[in-house]
Amino acid sequence: MIKIFIDFDGTITKSDIGDSFFERFGGQIAVKAVQDYRMGLINAVDCFNCEADACTFASEKAADEFIDEQKIDQTFIDFISFCNQYKDGDRAIDYFIVSDGLDYYINRILKNNGFQDVEVFSNHAEYAETAKGIRLNPSYPYTNEECDRCACSKRNHMLTLSSDDDITVYIGEGYSDFCPVKYADIVFAKDELQGYCQRENITYHLYNDFKDVMLKMDEILNKKRIH
């Protein structure tokens, strides 16, 4: 069986929704937290907590309206249809979204585009009433004590959801994708992830959108043997 693991921010969506969201509602404090995280000064969980502390919301409606403005890559729609064609035998495809973002905006965007049934593994967030207004409370059900890069361990999901007989495919573009690509049989990379794969000598296929992924996967699936 083929197991495909797909990043969300900047891969399924046109931009990094998490960064845009926290910059919009958390301002420069949130931007600085991301900078500190990428410099190794704080870990991923501390970064999220700092971003959440910086955010101010008059109501959930303002945040929801911001999320509802965000767009997905339209080629993702065709890609899911492509995957759903393969259901049996050694060419059967199963797919998952693995994200170091927040389920709040991921699930809302997926639902807005008719993909609410796609299985998602990410960090959790919910709103709570406080004396000062609405607060976003993040939590982290999928941390890995051995990894500070990600609050949600994509690597662990890949290993848990696949067997030795499966072919694992990873599709990503950014910093939180560095860990899982080391464990994938086939990697699709662009942007920052492309540079990382080049530096680490990780074999990858360059893609611009999911149309490129479909073309390469179709080529792989139609070989007499899948290596």
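In this predicted model, the charged end of R24 sits over the ring of F25, 4.6 Å from the ring centre. There's another contact of this kind at R149, whose charged end sits over the ring of Y175, with 4.6 Å to the centre.

Across the whole structure, a search turns up 23 aromatic pairs. Take F22 and F48: their planes sit at 65 degrees and their ring centres are 6.2 Å apart, and since over 60 degrees counts as edge-to-face, that's what this pair is. The two are 26 residues apart in the chain, with F22 in helix α1 (residues 17-38) and F48 in helix α2 (residues 44-54). F22 is buried at 2% relative accessible area, and F48 is buried too, at 9%.

Y140 has 17% relative accessibility, so it counts as buried, the cut-off being under 20%.

Now for strand β5 (residues 167-172). 6 of its 6 residues are buried, so the strand is largely enclosed by the rest of the structure. I167, V169 and I171 point one way, while T168, Y170 and G172 point the other. Strand β1 (residues 2-6) runs parallel to β5, joined by 5 bridges, with K3 partnering T168. β5 also pairs in the parallel sense with β6 (residues 186-189) over 4 bridges; there, V169 stands opposite I186.

Notes
Residues are numbered from 1 along each chain as its sequence is written. This is a predicted model: local features need pLDDT of at least 70, side-chain atom pairs count only at pLDDT 80 or more; totals for chains, interfaces and linings use all residues. Side-chain values use heavy atoms; hydrogens and water are left out. Buried means under 20% relative accessible area, exposed over 50%, partly exposed in between (1.4 Å probe, protein chains only). Two strands pair if DSSP finds at least two bridges between them. Rings of Phe, Tyr and Trp (its six-membered ring) pair if their centres lie within 6.5 Å; planes under 30 degrees apart count as stacked, over 60 as edge-to-face and the rest as tilted. A charge sits over a ring if NZ of Lys or CZ of Arg is within 6 Å of the ring centre and within 35 degrees of the ring normal.
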